[in-house]
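Trainee: I have just opened a new structure and would like to learn how to read it. Could you walk me through it?

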There are 2 protein chains.
Amino acid sequence: MELNEKTLSSRRIYDGRILNVRVDTVELPDGCVSTREVVEHRGAVAVVPILDTDRIVMVRQFRQPVGEVLLEIPAGTLAPDEHPDDCALRELAEETGYRAGDLLKLFSSYLAPGYSSEMLHTYLATSLSKTEANTDADEFVEVVIVRFDDAVGMIGSGEIRDAKTICGVLMAQRVLSDERIRGQ
Amino acid sequence: MELNEKTLSSRRIYDGRILNVRVDTVELPDGCVSTREVVEHRGAVAVVPILDTDRIVMVRQFRQPVGEVLLEIPAGTLAPDEHPDDCALRELAEETGYRAGDLLKLFSSYLAPGYSSEMLHTYLATSLSKTEANTDADEFVEVVIVRFDDAVGMIGSGEIRDAKTICGVLMAQRVLSDERIRGQ
């Protein structure tokens, strides 16, 4: 089945700080014409930082688009030309004050591919050591250490309601329990 | 620690079909002023439809923002004033041609709370029966039935790289394995 759409033209709507917006006119597989609203985003990383095998270093942060403080794993937008691995180490240190001795890429995913180009790269960070937190001037985050099992429970209860955090915690749990099984 | 930001003013950038864009000027907890780019989205649902206990009904769909065909769970945007439960049943039937006998809400999550207000409600659908697929005029989707264990493997391999699908499949797996444990 032919699914691809062909871009006929593109209208720039907004060029901003962390995102741009355009509206594409596309030809559908059946030859009809439609429009697609696209948020351009240069991508981001998220990190599941594991402390002492059974705790996660998380952050609480106010999110203006949803008007509330969310409990999330550390994350941030890629700087221009920055490699995701470097970004993961940088954001972890900046937001939490932890340096990762080991970094394992878990997966990459599109967060909202219906309208956003953003790809998020998610990592597992272990062998953590304390350094100095140094957040961006306009970023206020509170570091919270959460037991791994509690974090999984907080997904079910709705206390954790950030998609990248849900994906990251559940995938990290799979990887860590596989490692434990192999280690036995 | 004070984390909340106060909205000082708001500038409308774009009012569109599935999203609007505005730029807010906010006062930070330390009294400084910054801007926040916000994509307004009225919310959506996603459904993990389980066939015969061990297969998932999925869809392949071209996504213009990322320029490729993705393998996803069925999903769609809420109609105005539509209840998420109704939307889940409607989107499942429209995209896949299956009617759900049982619908269980798994969780709600913000997909990209750094810049988007979108909340996604994710459901588990079981007791499926065949009906007629009836997609929107500008929506071309291909239905694919995937074994549950294969879907989990496709997250690790990168074949599945849509965040709502990763969250949904992993949470559904937890719920279903809990039910199996309780049922033993």
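This is a predicted model: local features need pLDDT of at least 70, side-chain atom pairs count only at pLDDT 80 or more; totals for chains, interfaces and linings use all residues.

Trainee: What length does helix H1 of chain A reach from its first C-alpha to its last?

Mentor: H1(A) takes in residues 84-96, 13 residues in total. Its span is 18 Å, close to the 18 Å expected at 1.5 Å a residue.

Trainee: Which residues of H1(A) are buried?

Mentor: They are Cys87(A), Ala88(A), Glu91(A), Leu92(A), Glu95(A) and Thr96(A). These residues lie on the same side of H1(A), because they cover an arc of only 130° around the axis. Their cover includes strands S4 (44-51), S5 (55-63) and S8 (98-110) of chain A, among others.

Trainee: Into which domains is chain A divided?

Mentor: Domain 1 is 6-40 and domain 2 is 44-183. Five residues from domain 1 of chain A and four residues from domain 2 of chain A make up the contact. On the domain 1 side, three are nonpolar, two are charged and none is polar. The C-alpha centres of these two domains are 31 Å apart.

Trainee: How are two copies of a chain related?

Mentor: In general, by a rotation about an axis and a shift along it.

Methods
Residues are numbered from 1 along each chain as its sequence is written. Chains are lettered from A and ligands numbered from 1 in the order in which they are written. Helices (H or I, at least four residues) and strands (E, at least two) are DSSP runs, numbered from the N terminus. The expected span of a helix is 1.5 Å times one less than its number of residues. A residue is buried if 20 or more other C-beta atoms lie within 10 Å of its own, exposed if 12 or fewer, and partly exposed in between; C-beta atoms are placed from the backbone. The arc is that of the directions from the helix axis to the C-beta atoms. Two residues are in contact if their C-beta atoms, placed from the backbone, lie within 7 Å. Domain bounds come from an automatic or database domain assignment. Ala, Val, Leu, Ile, Met, Phe, Trp, Tyr, Cys and Pro count as nonpolar, Asp, Glu, Lys and Arg as charged, and the others, Gly among them, as polar.
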